[in-house]
Amino acid sequence: MEQTKILVVDDDREIVGAIAALLELEGYTVLRAYDGLEALDALHTHDVQLMILDVMMPRMDGLSATMQIRKEKNVPILLLSAKTEDADKIAGLAIGADDYITKPYNPMELVARVKAMLRRYLALGTLAGAPARENVVTLGGLSLDLDEKQLTVDGAPVRLTATEYRIVALLMQNPGRVYNAEDIYERVWNEPGFSVENTVMVHIRRIREKIEINPKNPKYLKVVWGLGYKMEKAQ
């Protein structure tokens, strides 16, 4: 069986080497790049299942690379940066990153994040509790094919990241049910949800931009003020 390939991108070669050694001990195949342009080249020549991408790099930084990657691929992206401000984290998530970890990082936390992201990406099955026979979920003009992992809006396919898919699948399979940010995070990220409102909010906003005609006045993905989010069938 072919090993999972992870692309590690940082202009600091010692950091790339350290992360690569850590992941290779876990049995992953690690590809290396040292700026955003090299990362794009690697993605075009290799079948990569996950990227660890530094934010501050020469030639093309991590945020610019993420924006370019999201035009073509849904590969999970874990941003790695010394920046700790919430604004920087939100900016990375808003342009398409799936998760974010700050330097200095705990090696075991990094490995845990990688494993969790790969589980979501490589095993995007029906969420627990959904009837196995329901292969297609339809809400108004939204149609989610759980076998093909494909969402269409009024018949047009929509490109979702792995994280966005799981959020949509959770909400569409439970229409009308309100989930708060902690519920969504724990079910989608499979981690305890503490102070995750901004992270979930950014993903909800990205989903709305993809499925709603007017994201500011959504038909499907609704906020229930003070309580959380729900998906409902448009009237």
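## An exposed arginine

Let's start at Arg59: at 62% relative accessibility, this arginine counts as exposed. Here, exposed means over 50% relative accessible area, buried means under 20%, and partly exposed covers what's in between, using a 1.4 Å probe and protein chains only.

A quick word on what you're looking at: this is a predicted model, in which local features need pLDDT of at least 70 and side-chain atom pairs count only at pLDDT 80 or more, while totals for chains, interfaces and linings use all residues. Residues are numbered from 1 along each chain as its sequence is written, and side-chain values use heavy atoms, with hydrogens and water left out.

## Where its partner sits

Arg59 forms a salt bridge with Asp35, and their closest N and O atoms are 2.9 Å apart. This pair links distant parts of the chain, with Arg59 in the loop between E3 and helix H3 (62-69) and Asp35 in the loop between E2 and H2, 24 residues apart. Is Asp35 buried or exposed? Asp35 is buried, with a relative accessible area of 6%.

A salt bridge here is a side-chain nitrogen of Lys or Arg within 4 Å of a carboxyl oxygen of Asp or Glu. Helices (H or I, at least four residues) and strands (E, at least two) are DSSP runs, numbered from the N terminus.

Searching the whole structure turns up eleven salt bridges. Lys103 takes part in one with Asp10, where the closest N and O atoms are 3.0 Å apart. Again, distant parts of the chain are linked: Lys103 is in the loop between E5 and helix H5 (107-122), and Asp10 is in the loop between E1 and H1, 93 residues apart. Asp10 counts as buried, at 1% relative accessibility.

Which other aspartate forms a salt bridge with Lys103? That would be Asp54, with the closest N and O atoms 3.2 Å apart. Asp54 lies in strand E3 and Lys103 in the loop between E5 and H5, so the pair ties together parts that are 49 residues apart in sequence. Asp54 counts as buried too, at 4% relative accessibility. Put together, Asp10, Asp54 and Lys103 are linked in a network of salt bridges.

Five strands make up an open sheet with parallel pairing, in the order E2-E1-E3-E4-E5. Strands E2 (29-33) and E5 (99-102) stand at the edges with a single partner strand each, so one side of each has no neighbour in the sheet. From one strand to the next, the twist averages 20°. Two strands pair if DSSP finds at least two bridges between them; four bridges join E3 (residues 50-54) to E4 (residues 77-81). Asp54 turns up again here, with Leu80 as its bridge partner in E4.

Helix H1 (residues 13-25) lies across strands E1 (5-9), E2, E3 and E4, running at about 170° to E2. Helix H2 (residues 36-45) lies across E1, E2 and E3, at about 165° to E1. For these angles, axes are lines fitted to C-alpha atoms (for helices, over the stretch in contact, meaning heavy atoms within 4.5 Å), and angles run from 0 to 180 degrees between N-to-C directions.

## Two nonpolar cores

A nonpolar core is a set of buried Ala, Val, Leu, Ile, Met, Phe, Trp, Tyr and Cys residues joined through side-chain atoms within 4.5 Å. The largest one has 31 residues, and Leu151, Met172, Ile184 and Val200 have the most contacts inside it. Elements giving two or more residues to this core include helix H6 (162-172), helix H7 (181-188) and helix H8 (197-211). H6 gives the most, with seven residues.

Apart from this core lies another, of 21 residues, with Leu40, Met51, Ile77 and Ala97 among them.
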